[in-house]
Amino acid sequence: MTEISTDDRFQTLDGMELNEVHDGYVIYDNDNERVHYLNSTAAIVYQMSDGKHSVDDIASLLKLAFELDEDVDVADTVKQMLEAGLICRVE
């Protein structure tokens, strides 16, 4: 099982065809011939997976963007993207 720390940073992988739709992204993984649908929240997580922003940075932005009172946990979303081969951990 992959552990995700709030300090971890991730980046998107090459070989993806990104298509914006009205409520998120449709991503075609050319190498594996797979299609992924990301809702609007997951699309923000994907966009911010640029190697510069930590999981905590992304969670803070989502909390601010959606004007939430509670902290946001993006670890599950990051884990799913990691396991789907959309992003990789930056060391």
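The dialogue below explains how to read the main features of a predicted model.

Me: What conventions apply to the numbering and to the predicted model?

Reply: Residues are numbered from 1 along each chain as its sequence is written, and side-chain values use heavy atoms, with hydrogens and water left out. As this is a predicted model, local features need pLDDT of at least 70 and side-chain atom pairs count only at pLDDT 80 or more, while totals for chains, interfaces and linings use all residues.

Me: How many helices and strands are there in the protein?

Reply: Helices (H or I, at least four residues) and strands (E, at least two) are DSSP runs, numbered from the N terminus. The protein has 3 helices and 6 strands, and from the N terminus on its elements follow the order β-β-β-β-α-β-α-α-β.

Me: Why does the radius of gyration of the protein agree with that of a compact globule?

Reply: The radius of gyration is taken over C-alpha atoms, and the globule rule is 2.2 Å times the number of residues to the power 0.38. For 91 residues, a compact globule would have a radius near 12 Å; the protein has 13 Å, which agrees. Along the principal axes, the C-alpha atoms fill a box of roughly 40 × 35 × 25 Å.

Me: What part of the protein is buried, and what is its accessible surface?

Reply: Buried means under 20% relative accessible area, exposed over 50%, and partly exposed in between (1.4 Å probe, protein chains only). Buried residues make up 34% of the 91 residues. Accessible areas come from the Shrake-Rupley method with a 1.4 Å probe, and for residues only the protein chains shown count as cover. The accessible surface of the protein is about 5900 Å², and 43% of it belongs to carbon and sulfur atoms.

Me: Which strands form the open sheet, and in what order?

Reply: Two strands pair if DSSP finds at least two bridges between them. Here 3 strands form an open sheet in the order β5-β1-β6, with antiparallel pairing. β5 and β6 stand at the edges, each with a single partner strand, so one side of each has no neighbour in the sheet. From one strand to the next, the twist averages 35°.

Me: How many bridges join β1 to β5, and how many join β1 to β6?

Reply: Between β1 and β5, which run antiparallel, there are 2 bridges. β1 and β6 (residues 87-90) pair in the antiparallel sense over 4 bridges. As for individual residues, Arg9 has Ser54 in β5 as its bridge partner, and Phe10 stands opposite Arg89 in β6. Gln11 stands opposite Asp50 in β5.

Me: Which residues of α2 are buried, and why do they line one face?

Reply: In α2 (residues 55-65), the buried residues are Val55, Ile58, Ala59 and Leu62. Seen down the helix axis, they fall within an arc of 100°, so they line one face; the arc is that of the directions from the axis to the C-beta atoms. These residues pack against β1 (9-12), α1 (40-47), β5 (50-54) and α3 (75-84).

Me: Which residues of α3 are buried, and what covers them?

Reply: The buried residues of α3 are Ala75, Val78, Lys79, Met81 and Ala84. Their cover includes β1, β4 (34-39), α1, α2 and β6. Gly85, which follows α3, has a positive phi near 80°.

Me: What does the loop between α2 and α3 hold?

Reply: Val72 lies in this loop and counts as partly exposed at 23% relative accessibility. Not counting residues up to four places away in sequence, Val72 touches Ala59, Leu62 and Lys63. Val72 and Leu62 are 10 residues apart in sequence and 7.0 Å apart in space, C-alpha to C-alpha. Glu67 is found in the loop as well, is exposed with a relative accessible area of 71%, and has a positive phi near 50° although it is a residue other than glycine.

Me: Where does Glu33 lie, and is it buried or exposed?

Reply: Glu33 lies in the loop between β3 (24-29) and β4. Glu33 is exposed, with a relative accessible area of 62%. Its phi is positive, about 50°, although it is not a glycine.

Methods: Contact = heavy atoms within 4.5 Å. Axes fitted to C-alpha atoms, helices over the stretch in contact; angles between N-to-C directions.
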